[in-house]
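Biologist: Could you walk me through this one? I'd like to start with a helix and then turn to the backbone.

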Amino acid sequence: MKNIKKIFTVMLLLVFAASGCNEDNIDLDPIGDTEASFFNNETQMNQAVLGIYQKVGFFYTFRGGQNNWIQSIWLAPSDDLTTRQGHEYEFFQGLQGSLATLNNFYRFAYQLIARANVVLQKIEENGDFAYESQPELRDFHKGEALFLRAWMNFRLWNVYGTAPLVNERIVALENAYPPNSSGTELLDQVIVDLEEAAQLLPSSWNPEFRGRVTRNSALGLRAKALVFRGTVTGSEADFTAAIQNVDAMSGMELMPNYGDNFDAAMENNAESLFEFQANQQSGLNNTSLDNDSFAVVGDTGAYWGMFANRPSWIGNAIYTATESLKNAYESGDPRTEYIFDPTPGLRLNVRKYIRDGNWTNDPGGANGSSRNNPRILRYADILLIKAEAITRSGGSLSDALEIINQIRERARNSTLDGIPAVIPADRPISADRNQVLEWLFLERRLELAIEEGHRYYDLRRRHMAGEVDLTNWDWSSERNDAEWRSFNINFPLPDGEVIDNANMSQNLGY
C-alpha cells in the first residue's frame, strides 16, 4: 500500500546517506526507544497494546482541518438519520474514491491493523522473555490484538466489502501491495481471529483496566460476524455456531434502564461488551495530525456535534432523526425519551449519548465533543443476534420471541419517572417464521437506533441476501435526490490506494 511504500523509500534514503558518513560519527546510542529496545517487558508490551486501542479513537472524533467526522460513514446511510445538507452518505450520489472521510477511515483502519500485527509478531518473537513477571498477560495481550484486528476487519467488510486482508506485519516491499479480498474473506478472518481471542482473553479485568475487551467481547462479536456471514451465504452452520457463542457468554445482563447505556456516568456497565474510552476534550482532536505515532497526542473526546441543537461552527449540517424512525415506535415507548429531544420545533433532534447529568441536546465539550463513551458493542445487540440465528436456523420461535420480549420488557421499565409503561407489549406467540424475522429486525431498529451503523448494516446484508431491495427503499430523507444504486452495496475504495497498487481494483460503479 501507498503508506508502506513511503516508509520503505525513507529507509532506503537513510541507508544511502549513512554510507557516505564516518562510522565514528554515526555509531551513537539512539535517543529514546527503538524497536530493538522495545517489546521486551510487560510494561512495554502493555503500552503497545494500548496503542492499538488508542487508534479506535480516530473513528469517533472530529477531524480538525477537514470538517468531517468518520461516524458519518455508518450513521448517515440509513433510514434512521437525515440531513438537508449534501452529505454523500445521505443521498449516495456523491460517493467517490476521493472522499476525505472514506480515505481517513481506510488509512486509520490499516494503521490499527498494522499495530495489531506488530504486537502479534512481537508476542511470538519475544513472548518467552517479555512476560517473565506476569506470564498470563501474554495470552491476554494476544487476545486483545486479535479482537481489535477482527473488529476492524468487520468494519472494513461492511464499508468496502472488498478491502485487502492483511494478516501479518508487512516487512518487505513486495508484500506492500495486497489485492482486494473477495466474498466473505474479511468476515472469515474475523471469525477465525475471534475464536482464538475467546480462548485467550480473561473473563474480566481488574477495575483499573476496566474497558478492555474480555472473553465475552470476543464471543459476542464472533456471534454477530457469524450471523452476518450466514445471512449472505445461507449457511445454517453459522447460525448454529452463533447460538453456541452467545450461550458460552457469562455474567452479561441488560441494564435495568435503557438510558443507562447512553449516560456518561454509567460507562462500561454490565451490558457493555466494547466501548471507545472517551474523555472530555478541550480543543481540536488529535486526528488533525497525520502522523501515526504510538504516543497519544491531545485529548480523546467523542464527537457528538452532528446532533447538537445549538448554533455552532458546523452550521446547519445537523443530523436529525427521520420521520420513518419516529413512526416506527409505538406512542408511549419509553425508549423515545432517550433518543429524541421533545422540545417543539427541533426537527426530531437526537439526544442519545448526549447525557452528562441531564438529558439535553448539547454534548457540552469544545467543538461538539463529549466524554461520553460510544458503546460499540452491547449485550442487547447480541441477544437479538441470537434470536435471529434461532429463527433463521429453524429453531424454536418461542425461544426467539422470549428474547425479543426480554428487550421489550426492559424498554417498558425504562420510563423517566420510574413507573413501568405498558408499551411496548410482548410479541404474541407466532408460528410464522417470516413474521418473527421481521419483528426481530424492527426490534433491532428500535433498540439500536442511531448506534454504530446497526441499521444500515442490517439493511445492507439483507439486500445481499435478497430479503429487501434497497434500490426501491424509502430512505425517509429530507432531500429529494436520495438514490441508492446496486453498486452502493460497497463504498468506493480510496482512489490513491487503487492507483498506487496494481494488485487492487476499484469497487464496481466508481
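Biologist: Which residues of H8 are buried?
Modeller: Bearing in mind that this is a predicted model, the buried residues of H8 are Leu186, Leu187, Gln189, Val190, Ile191, Asp193, Leu194, Ala197, Ala198 and Leu200.

Biologist: And what covers the buried residues of H8?
Modeller: The cover includes helix H7, which runs over residues 136-159, and helix H9, spanning 215-233.

Biologist: How many residues has H8, and what does it reach from its first C-alpha to its last?
Modeller: Helix H8 covers residues 185-200, which makes 16 residues, and its end-to-end C-alpha distance of 23 Å is close to the 22 Å expected at 1.5 Å a residue.

Biologist: Switching to the backbone, where is there a cis peptide bond?
Modeller: One joins isoleucine 423 and proline 424, with omega at about 5°, and proline 424 sits in the loop that links helix H13 (397-412) to helix H14 (433-447). For background, most peptide bonds are trans.

Biologist: What about phi at asparagine 268?
Modeller: Asparagine 268 is not a glycine, yet its phi is positive, near 55°; the residue belongs to the loop between helix H10 (236-247) and strand S4 (272-275).

Biologist: Is asparagine 268 buried or exposed?
Modeller: Asparagine 268 counts as buried because its relative accessibility is 15%, where the cut-off for buried is under 20%.

Biologist: And serine 476, what is its phi?
Modeller: Serine 476 also takes a positive value, about 50°, without being a glycine, and its place is the loop between helix H15 (454-464) and helix H16 (495-500). With a relative accessible area of 16%, serine 476 is buried.

Biologist: Next topic, asparagine 507: where is it found?
Modeller: Asparagine 507 is in the segment after H16, and its relative accessibility of 6% is why it counts as buried.

Biologist: Which residues does asparagine 507 touch?
Modeller: Leaving aside residues up to four places away in sequence, asparagine 507 touches Tyr160, Thr162, Asn490, Phe491 and Leu493. With tyrosine 160 in particular, a polar atom of the asparagine 507 side chain lies 3.0 Å from the backbone oxygen.

Biologist: Zooming out, how many helices and strands does the protein chain have?
Modeller: The protein chain has 16 helices and eight strands, and 58% of its 510 residues count as buried. Of the contacts between residues at least 6 apart in sequence, 73% join residues at least 24 apart.

Key
Residues numbered from 1 in each chain as written. Predicted model: local features only at pLDDT ≥ 70, side-chain atom pairs only at ≥ 80, totals over all residues. Heavy atoms only, no water. Helix = DSSP H or I, 4+ residues; strand = E, 2+ residues; numbered from the N terminus. Buried < 20%, exposed > 50% of the residue type's maximum accessible area, 1.4 Å probe, protein only. Polar contact = N/O pair within 3.5 Å; in protein donor to acceptor, adjacent residues only side chain to side chain. Contact = heavy atoms within 4.5 Å. Expected span 1.5 Å × (residues − 1).
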